[in-house]
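Look at the sequence and the structure first, then read on.

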Amino acid sequence: MERTTLDLWVGIFVVGGIAALVMLAMKVGNLGTYNVSESYQVHAYFSNIGGLKPKASIKSAGVLVGRVTDITLDMDRYEAKVLMSLDSRYHFSKDTSAKILTSGLLGEQYIGLEVGGEEEMLKSGDEMTMTQSAVVLEDLIGKFLFSKAQESAN
Amino acid sequence: MPAARAIREIGHRAINAVWRIGMATRFFVLILMYSGNSFRRFHLIIKELFSTGVMSLIIIIVAGLFVGMVLGLQGYETLKRYGSESALGVMVALGLVRELGPVVAALLFASRAGSAMTAEIGLMKATEQISAMEMMAVNPIARIVAPRFWAGVISMPFLAAMFSAVGVFGGYFVGVVQIGVDEGSFWSQMQAAVDFREDIMNGVLKSFVFGTVVTVIALYEGYDAPPTAEGVSGATTRTVVTSSLAILMLDFILTAIMFRGN
């Protein structure tokens with residue numbers, strides 16, 4: 001086969017391969033949704049994080065504003081310390097509360113932020129003091145059974 | 001004594017297997033040593049890229065499409081029982097990108113391009129073309145083997161990526177267009193679950209390893225084939241059998257290393 005047609009076909013092959021990789025990265029993978037803008041770090045303590053995992057999304061009013069970067073157990077308080085990186089386009093007041101929520105009945109867990117009324121804004125390294133832990137199904141059932149038992153005793 | 005003879009036979013086979021692995025490794029090192037020349041004459045690699053990569057495109061794309069469509073169909077049937085059809089995209093994409101893309105593409109590559117490589121080099125040896133090259137002071141490993149090796153190593157990740165990409169569209173076609181899974185949740189859940197570094201790059205790394213192993217096996221079997229018609233046919237069979245088994249075993253090891261604890 002002639003050299004130029006050979007080069008053309010191999011060129012098509014390589015371009016097709018790279019296009020497939022880019023398509024996988026952008027459309028199938030999460031590279032297209034990665035935050036390229038700058039971010040700042042805040043942390044919060046939760047008494048129970050349930051099934052929250054690193055890279056879980058952080059949403060405010062349903063809008064993705066950041067990601068969980070790290071989860072550790074704080075040995076002084078015996079609570080989970082969750083590091084979050086928030087998009088620096090968004091600012092939240094100091095008394096913002098963080099809740100661990102579940103998307104759908106069996107979906108992934110994420111952190112929902114609810115903005116308070118304070119004037120001062122969260123800066124890098126700050127702590128969110130108002131937190132609400134994940135709902136653990138066993139605890140919920142336990143409470144329900146306990147209240148039922150009390151009802152029948154009365 | 002028949003028992004002693006049987007044990008001797010096992011020992012003989014074990015020694016033979018280890019010997020062949022050792023020779024293949026030495027052959028691999030030789031290829032790497034003489035690769036510099038083939039990069040200087042890059043058109044040799046391009047010619048081989050055409051016959052290994054471009055000519056494998058059709059089988060890879062058609063197979064990827066059908067594997068993706070079957071995944072979509074079977075995944076829907078199973079996920080429907082748990083009311084989570086919207087996770088179909090996650091299942092199709094993770095299955096293809098992590099496992100089926102690299103593995104099935106490598107198996108197809110071994111039988112489509114690997115066997116051709118073995119037969120070609122085996123016949124070159126049988127018709128004494130390789131000896132003729134040595135007579136002319138042309139190193140056959142640098143001139144014939146190394147370009148084929150690099151063509152295989154370069155084309156395998158591309159083929160696996162195309163297999164996965166086409167497969168995802170196959171799954172999309174069956175799941176969303178035919179069955180009617182919600183399009184938004186198909187793509188968005190997929191994007192939330194598939195990580196670029198964890199899943200896609202590990203899949204690429206896998207296919208790179210498979211490409212290296214398949215081409216080394218194919219080239220070694222061809223170079224080592226007895227120079228007879230029977231010898232070349234036996235070497236071609238061995239290429240397909242050995243490289244398929246090597247792909248599947250290596251895949252288990254790589255998966256255990258890459259995705260442990262996730």
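## The sheet of chain A

In this predicted model, chain A has an open sheet of 8 strands with mixed pairing. The order across the sheet is β7-β1-β4-β3-β2-β6-β5-β8. Strands β7 (127–128) and β8 (130–132) of chain A stand at the edges with a single partner strand each, so one side of each has no neighbour in the sheet.

In general, the strands of a sheet pair through backbone hydrogen bonds, and the pairing is either parallel or antiparallel.

## Antiparallel pairs

Strand β4 (residues 79–87) of chain A runs antiparallel to strand β1 (residues 39–46) of chain A, and 8 bridges join them. In this pair A:F46 faces A:A80. Strand β3 (residues 63–74) of chain A also pairs with β4(A) in the antiparallel sense, over 8 bridges, and here A:R67 is opposite A:S85. A hairpin is formed by β3(A) and β4(A), with 4 residues between them. In its turn, A:Y78 has a positive phi of about 55 degrees.

Strands β5 (residues 97–102) and β6 (residues 109–114) of chain A are antiparallel too, with 6 bridges. A:K99 stands opposite A:G112 in β6(A).

## Nonpolar cores

The largest nonpolar core contains 78 residues, and B:A93 and B:A106 have the most contacts inside it. Elements of both chains each supply at least two residues of this core, among them α1 (3–28) of chain A and α5 (88–126) of chain B. A second, separate core has 21 residues, including A:F46, A:L86, A:F92 and A:I111.

Beyond its neighbours within four places in sequence, B:A106 is in contact with B:M156, B:S207, B:F210, B:V214 and B:I247.

Notes. Residues are numbered from 1 along each chain as its sequence is written. Chains are lettered from A and ligands numbered from 1 in the order in which they are written. This is a predicted model: local features need pLDDT of at least 70, side-chain atom pairs count only at pLDDT 80 or more; totals for chains, interfaces and linings use all residues. Two strands pair if DSSP finds at least two bridges between them. A nonpolar core is a set of buried Ala, Val, Leu, Ile, Met, Phe, Trp, Tyr and Cys residues joined through C-beta atoms within 7 Å. A residue is buried if 20 or more other C-beta atoms lie within 10 Å of its own, exposed if 12 or fewer, and partly exposed in between; C-beta atoms are placed from the backbone. Two residues are in contact if their C-beta atoms, placed from the backbone, lie within 7 Å.
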